[in-house]
Amino acid sequence: MSSYNLTHLAQLEHEAIFVLREVAAQFERPALLFSGGKDSIVMARLAQKAFAPAKLPFPLVHVDTGHNFSEAIEYRDWFAEDVGARLIVRYVADSIKAGRCQEEKGLNPSRNGLQTVTLLDTIEEFKFDACLGGARRDEEKARAKERFFSHRDEFGQWDPKNQRPELWNLFNGRKNQGEHFRVFPLSNWTEMDVWQYIAREKLKIPSIYFSHQRRVVNRNGVLLAESPFITLLDGEHYEERTVRYRTVGDSTCTGAVESPASTMAEIIQEVASARVTERGTRADDKRSESSMEDRKKAGYF
Amino acid sequence: MSAALYATSTNEHTDEHYLAMDLLRFTTAGSVDDGKSTLIGRLLYDSKAIFEDTLENLERVTEQRGEETLNLALLTDGLRAEREQGITIDVAYRYFATPKRKFIIADTPGHIQYTRNMVTGASTANLAIILIDARKGVIEQTCRHSFIASLIGIPHVIVAVNKMDLVDFSEARFQEIVAQYSEFASRLNIPDIKFIPISALHGDNVVENSARMPWYQGGALLYTLETVYIGSDLNHIDPRFPVQTVIRPNNDAHHDFRGFAGRVAGGVFKPGDEIISLPSGLPAVIKSIHGPEGELAEAFAPMSVAITLDREIDSSRGDLFAKPHNQPVVTQDIEAMVCWFSPIKLNPAGKYILRHATRETKCAVKAVRYKVNINTLHKNTEDLTIGMNDIGRIHVRTAVPLMIDPYKRNRTTGSFIIIDEFTNATVGAGMIMWPDGSDRPQSEQFADMGGL
């Protein structure tokens, strides 16, 4: 074997850094969408490496639904300060107050879809022309069709049938006034790659990824954490379980998994033998066969 | 740089096996009829890349649609329009891993109207699986897929002769197809072709060698994917470094740091090496190379690094570092094969934007030399209109010089895309030929064009 070989994790790392630098070079006002979830943590780490020893050339942006896990919010604030990045937070609650959108009605109200309104308003407010997201193609079948550089029209919409072909490593970020791009440097990463990278880089992550005791309610097979935003239905009750989270979204639609994994090694072991996708814990994806595609078309992450 | 820097981890939590894995990108072109979806479904399923909830969801949707057998195509057809029409429209990327390798599949539709998707999926692939129905043998579609694989310079092709169960696992039939394909492929430029008789439906020779074809002595498909040697697929000979951006920290600690950031496109760069920045021709010596894990003793493709130099030279995005004794061609005139992506035909009098490596420039198509019939490989010099999914040879003139290599020599410095300056859509993909293409021996011209 020739010595000019890279492991697959190194190849993914070099590819993501190339994409991040391409964003800094092709756009005037990029932003990195940062939620404090594992994918955005890895993406932010790669961005640090891409521009070292300079600081991040773009701000971190978070759309706070008000239903986030407090552990993720704490982590977000700590991280921004630790890397010396500018953090911009905008609130779904403010969009609701301003009459830009309405709280969902019905049994399982979620602010997940409302994030889109706040995000698009934030993009307009700061005139961002590219938003870096930590989405991966292995997460969901609509995302499997996503480009690295994903064009959004002036209404923030994705047109999946009319995407620009992406050949070699030539990314076309040209656009008209008012349009923007979503860019996904982790497109080719899998859940396992993300965990292995967190382990390799010894990255700190929010505590809810590790096993802990929590009061949860089982709703349609999804274990939802006790919170003021959840109304128990007849026959439902909270019970204490040993759980952790595989993915961190809104507490109203992100389910926990029962797990004793309390170290990185145990988490990696669990991911390796998992038989259910991480988005299997997301109630927002269970609404219909095309939930993700529909939300993405409207401007979701 | 030493592989050890990457492969060794001091973290007790990481699995050394996993960190020693490499990456193979492959493409599969074909239609549902060839058993392509069945084959991908089997590879994903047998490598445990399909999760239970995905499978349950698939069962539920199959049932709702009133279909009887589990429709594995629904795994790859992620868009609503694709599921409605029962066809694959776009390139879908799939991921699976075995203990030896991680794989990225670019799954592309096989019909002629989706040639552009095939080209897209193939552009980053090390290997292509071409499926042949054992009952039908080599058909027009096989020729088309093989020509595209050859044109895009995919170094390894596996010809999977599928549905062997329907021809009684006949060795004679298999050999007949091997001979048929080999004769056709002699006109192409594919360095490594392997033939495997399989039944994707029943799993014969897919993951394990089949007892029903004892006459086949080669490895099963998955074993072949795991072991095909890809170490020499990238160019480690000609040093090429397109400058992506310049990193200049404005802080006291790194006051003088000026890093030329980019991804190595070829060859090897080391501190102390003399480089030349093109197109200016200014020389300098490499002071240091910075990778994701710190300073490096050497950098090679496809590493993303930042290079500092011993002196201040005027160089920025769009320039390219090479070495004084090994330089690309610097020119404004390019001969290339082009694949057209847009429903709006190529306008021979029109101006376009051309993006090559990290450089973007205006360009004009000066001539269309010929169009290729991608089924018969016939060169058409009468009808020179290049429409969607057409492949032809063009002469392009650019507004500024580009630093180019023939595509055959380097897939990064030998490729470009064409962008419509009004819609901003990517309308074409180009593969650069030898600059003196017309003067080269016939055999090499053939090879340049994917063997035409």
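Reply: Let's start with burial: a residue is buried if 20 or more other C-beta atoms lie within 10 Å of its own, exposed if 12 or fewer, and partly exposed in between, with the C-beta atoms placed from the backbone. Before going on, some housekeeping: residues are numbered from 1 along each chain as its sequence is written, while chains are lettered from A and ligands numbered from 1 in the order in which they are written. What you're looking at is a predicted model, where local features need pLDDT of at least 70 and side-chain atom pairs count only at pLDDT 80 or more, though totals for chains, interfaces and linings use all residues.

Chain A has 8 helices and 10 strands. Both are DSSP runs numbered from the N terminus: helices are H or I over at least four residues, and strands are E over at least two. As for contacts, two residues are in contact if their C-beta atoms, placed from the backbone, lie within 7 Å. Take the contacts in chain A between residues at least 6 apart in sequence, and 75% of them join residues at least 24 apart.

Now for the sheets. Two strands pair if DSSP finds at least two bridges between them. One open sheet in chain A has 6 strands, in the order S3-S2-S1-S4-S6-S5, and its pairing is mixed. At the edges sit strand S3 (87-91) and strand S5 (149-152), each pairing on one side only. Going from one strand to the next, the twist averages 30°. (Angles here run from 0 to 180 degrees between N-to-C directions, and axes are lines fitted to C-alpha atoms, for helices over the stretch in contact.)

Zoom in on the S5 end. Strand S5(A) runs antiparallel to strand S6 (residues 180-183) of chain A, with 4 bridges joining the two. A:Phe149 has A:Val183 in S6(A) as its bridge partner. Packing on this sheet is helix H5 (residues 115-126) of chain A, which touches strand S1 (30-33), strand S2 (60-64), S3, strand S4 (130-132) and S6; the direction of H5 makes about 145° with that of S2(A).

Between S5 and S6 of chain A there is a loop, and A:Asp153 is found in it. A:Asp153 counts as partly exposed because it has 15 C-beta neighbours inside 10 Å. Look across to A:His180: 27 residues separate A:Asp153 and A:His180 along the chain, yet their C-alpha atoms are separated by 6.7 Å.

There's another open sheet in chain A, with 4 strands in the order S8-S7-S9-S10 and antiparallel pairing. Strand S8 (222-225) and strand S10 (257-258) are its edge strands, so called because each pairs on one side only. S10(A) pairs in the antiparallel sense with strand S9 (residues 239-244) of chain A over 2 bridges.

Finally, follow helix H6 (residues 191-200) of chain A, as two other helices pack against it. The axes of helix H2 (residues 38-51) of chain A and H6(A) come within 10 Å and cross at roughly 55°. That angle makes H2(A) oblique to H6(A). The scale is: under 35 degrees is roughly parallel, over 145 roughly antiparallel, 65 to 115 roughly perpendicular, and the rest oblique. The H2(A)-H6(A) crossing is left-handed, meaning the near helix is turned anticlockwise from the far one by less than a right angle (clockwise would be right-handed). A:Lys38, A:Asp39 and A:Val42 of H2(A) meet A:Val194, A:Tyr197 and A:Ile198 of H6(A). By class that's 4 nonpolar, no polar and 2 charged residues. Here Ala, Val, Leu, Ile, Met, Phe, Trp, Tyr, Cys and Pro count as nonpolar, Asp, Glu, Lys and Arg as charged, and the others, Gly among them, as polar.

The other partner is helix H7 (residues 264-273) of chain A: H6(A) and H7(A) pack at an angle of about 165°, with their axes 10 Å apart. That makes H6(A) roughly antiparallel to H7(A), and their crossing is left-handed. From H6(A) come A:Glu191, A:Met192, A:Trp195, A:Gln196 and A:Ala199, and from H7(A) come A:Met264, A:Ile267, A:Ile268, A:Val271 and A:Ala272. Sorted by class, this contact has 8 nonpolar, 1 polar and 1 charged residues.
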